[in-house]
Amino acid sequence: MADRKLGLNTICTHVGEVEDTQFKGAISPIYMSTSYAYKDVAIKRYPRYFNTPNQEMLGKKIAALESTEAGMIFGSGMAAVSTTLLAFLSAGDHIVLQKTLYGGTFNLVEEEFSKMGIEYTFTSGLEQADFEAAIQENTKVIYIETPSNPLMTVTNMQMVADLAKAKGIVTMIDNTFASPVNQNPADFGIDIIIHSATKYMGGHSDILAGAVACSEVHMDKIWNKAKNLGGSLSDFSVWMLERSLKTLVLRVKQQNKNAKKLAKWLDQNGHVKAVYYPGLKTHPDHELAKKQMRGYGGMLSFELSDELDAAAFMKELKLIKPSMSLAGVESTILSPTQTSHALLSAEERENQGIADGLLRFSVGIEEKEDLIADLKQALEKVVKDSLNFSI
């Protein structure tokens with residue numbers, strides 16, 4: 001089968017397994033050792049070197065899912081983001097970042113880069129002219145996120161890759177919201193793909209992890225920085241993540257279907273002011289999303305009508321949990337202002353278009369009828385309370 005590309009479900013199930021040579025078990029064994037032999041061995045293994053058997057093999061699964069040469073697992077999404085950025089940036093360098101980004105990444109740049117002498121520019125928009133205007137002579141990296149957190153903006157990956165390659169700039173993307181199921185940025189020429197593996201890759205709200213996929217050449221630079229920063233992942237968590245990835249495609253495809261139905265329902269509800277989901281034809285980036293995504297994802301955001309209390313609405317939900325993080329099999333909802341983007345100032349959130357009443361909705365695998373019923377009953381209660389208050 002070496003002459004044909006494996007399908008995603010087959011990659012999830014079989015690639016990157018650790019063979020149980022002793023007992024021939026059907027799943028990967030866990031190698032929990034933090035101490036390995038160093039004499040007469042091909043690889044000197046150590047957990048902080050990201051090369052224990054479980055770490056090494058899971059990296060191969062990540063690479064196969066993203067159609068790259070190499071993959072590496074980290075202790076968190078931010079460990080993956082920070083290590084990768086610092087592997088390619090040093091004092092005197094400049095990075096261009098798109099305007100809309102995950103709050104943790106934005107805060108990393110704002111809080112730490114000036115201390116290191118790294119210059120940065122956030123684009124004013126997502127068009128080619130916006131990226132071109134931000135590039136400087138010392139620009140080494142362009143960093144994007146698509147779909148973005150939390151407004152689901154979509155960035156043209158091919159445009160960014162072509163622009164960067166013409167100028168010898170390395171491109172990086174946070175592919176967390178899409179997952180490898182919905183898009184493979186390497187197909188569009190993006191150099192380095194980063195994930196918070198806590199999210200769709202883990203999928204069960206019980207693993208904290210990060211992942212990076214890229215060429216062997218780029219991975220060598222990342223590894224050299226990673227072994228010094230020490231953001232590795234325990235082998236038990238690596239084993240759990242490999243187990244979780246086996247159902248990645250099944251989970252994400254169901255979440256895609258549910259999210260599209262729920263986005264349409266919310267968009268047609270008179271008590272909802274705005275819905276942000278690239279699968280909606282009314283989304284400004286819908287046509288671009290159709291070109292570069294195989295599915296539109298399980299994430300959406302929405303704003304209730306101005307007279308309704310978003311916090312009160314969340315309290316009335318029965319199935320959908322007001323909860324931090326995202327992408328588990330269970331549906332969750334949160335206020336970005338109070339959680340994912342709380343570290344940004346009010347002015348910075350306003351600049352990104354993040355309203356105080358915005359709600360980010362991570363759609364799970366439940367029956368869509370049950371989720372709609374939950375949204376409906378919560379809306380009915382806050383609408384009733386709003387009317388009673390106005391009287």
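I looked up burial first: 55% of the 391 residues in the chain are buried (under 20% relative accessible area with a 1.4 Å probe, protein chains only). The model is predicted, so I kept to its limits: local features need pLDDT of at least 70, side-chain atom pairs count only at pLDDT 80 or more, and totals for chains, interfaces and linings use all residues. Residues are numbered from 1 along each chain as its sequence is written, and side-chain values use heavy atoms, without hydrogens and water.

I then noted the accessible surface, about 17400 Å², with 52% of it on carbon and sulfur atoms (Shrake-Rupley method, 1.4 Å probe).

For overall dimensions, I read a C-alpha trace spanning about 80 × 55 × 40 Å along the principal axes. The radius of gyration is 21 Å, which agrees with the value near 21 Å for a compact globule of 391 residues (C-alpha atoms; rule of 2.2 Å times the number of residues to the power 0.38).

I counted contacts (heavy atoms within 4.5 Å): of those with a separation of 6 or more, 73% join residues 24 or more positions apart.

Secondary structure comes to 14 helices and 12 strands (DSSP runs numbered from the N terminus; helices H or I, at least four residues; strands E, at least two).

The axes of H3 (residues 77-88) and H4 (residues 103-116) come within 11 Å and cross at roughly 35 degrees (lines fitted to C-alpha atoms over the stretch in contact; angles run from 0 to 180 degrees between N-to-C directions). H3 contributes Met78, Val81, Ser82, Leu85 and Leu86 to the contact, and H4 contributes Gly104, Thr105, Leu108, Phe113 and Met116.

Technical notes:
Buried < 20%, exposed > 50% of the residue type's maximum accessible area, 1.4 Å probe, protein only.
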